[in-house]
Amino acid sequence: ALQLTNFWQDFKRDWTAGRLYIPLEDRDAAGASDADLDAGRLTSEWRTALAVVSDRTRALFRDGRPLCDNVRGRLKWELRITWLGGTAILDKLQRGGFDPFAHRPALGAGDMPEILWRTLTWRQATD
């Protein structure tokens, strides 16, 4: 899930480098066109495709969350911070209208207090 989040976060940079990580079936189902990306346009169709893959990625984070509860020591804290950071980037992508061309969703120093607080007050998954 974290690697997929990185793909969505770096969507513009990857496209510029000739890489597309959105599955072609998701691109095609949304009616998105590579020509729009070539022209530097992130259309509503591309936003739809990014929303689909983002939702799928969020589900992977949810499925993997119990792992954060089943380890001990330093790894427990590292996994929780990683999980919270990854989902926070997906939240930023969503709040930005799934448009990483206009603004790359990234964590900054201002995000750290909340992530640290949520790490310390973490509740185990009940599912």
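How closely do the axes of α1 and α5 come, and at roughly what angle do they cross? Point 3 takes this up.

1. Basis. This is a predicted model, in which local features need pLDDT of at least 70, side-chain atom pairs count only at pLDDT 80 or more, and totals for chains, interfaces and linings use all residues. Residues are numbered from 1 along each chain as its sequence is written, and side-chain values use heavy atoms, with hydrogens and water left out.

2. Overall build. The chain has 7 helices and 0 strands. Its order from the N terminus is α-α-α-α-α-α-α. Helices (H or I, at least four residues) and strands (E, at least two) are DSSP runs, numbered from the N terminus. The C-alpha atoms fill a box of roughly 50 × 30 × 25 Å along the principal axes.

3. α1 against α5. The two axes come within 9 Å and cross at roughly 155°. That makes α1 roughly antiparallel to α5. Axes are lines fitted to C-alpha atoms, for helices over the stretch in contact, and angles run from 0 to 180 degrees between N-to-C directions. Angles under 35 degrees count as roughly parallel, over 145 as roughly antiparallel, 65 to 115 as roughly perpendicular and the rest as oblique. The crossing is left-handed. That term applies if the near helix is turned anticlockwise from the far one by less than a right angle; clockwise gives right-handed.

4. Residues between α1 and α5. From α1 come Leu2, Leu4, Thr5 and Trp8; from α5 come Leu50, Val53, Ser54, Thr57, Leu60 and Phe61. Contact means heavy atoms within 4.5 Å. By class there are 7 nonpolar, 3 polar and no charged residues here. Ala, Val, Leu, Ile, Met, Phe, Trp, Tyr, Cys and Pro count as nonpolar, Asp, Glu, Lys and Arg as charged, and the others, Gly among them, as polar.

5. α5 against α6. Helix α5 (residues 44–69) and helix α6 (residues 73–95) have axes that come within 10 Å and cross at roughly 165°. That makes α5 roughly antiparallel to α6. The crossing is left-handed. On the α5 side, the contact residues include Ser54, Thr57, Phe61 and Arg65; on the α6 side, they include Lys76, Arg80, Trp83 and Asp91. This contact has 7 nonpolar, 5 polar and 7 charged residues.

6. α6 against α7. The axes of α6 and helix α7 (residues 112–120) come within 9 Å and cross at roughly 130°. The pair is therefore oblique. Here the crossing is right-handed. Trp77, Arg80, Ile81, Leu84 and Gly85 of α6 meet Ile115, Leu116, Arg118, Thr119 and Leu120 of α7. The classes are 6 nonpolar, 2 polar and 2 charged.

7. Cavity. The structure holds 1 cavity of 30 Å³ or more. About 30 Å³ of space lies in the largest cavity. On a 1 Å grid over the protein atoms alone, a cavity is a set of points where a 1.4 Å probe fits but cannot get out, and lining residues have an atom within 4 Å of a point. Grid points are joined across faces, edges and corners, and a volume is the space filled by probe spheres set on the points.

8. Cavity lining. Phe7, Trp8, Phe11, Asp14, Trp15, Arg19, Leu20, Tyr21 and Ile22 line the largest cavity. The elements giving two or more residues are α1 (2–9) and α2 (11–16). The largest share, 3 residues, comes from α2. By class the lining has 7 nonpolar, no polar and 2 charged residues.

Note on methods:
On a 1 Å grid over the protein atoms alone, a cavity is a set of points where a 1.4 Å probe fits but cannot get out, and a pocket is an open set with protein on both sides within 12 Å along at least five of seven lines; lining residues have an atom within 4 Å of a point.
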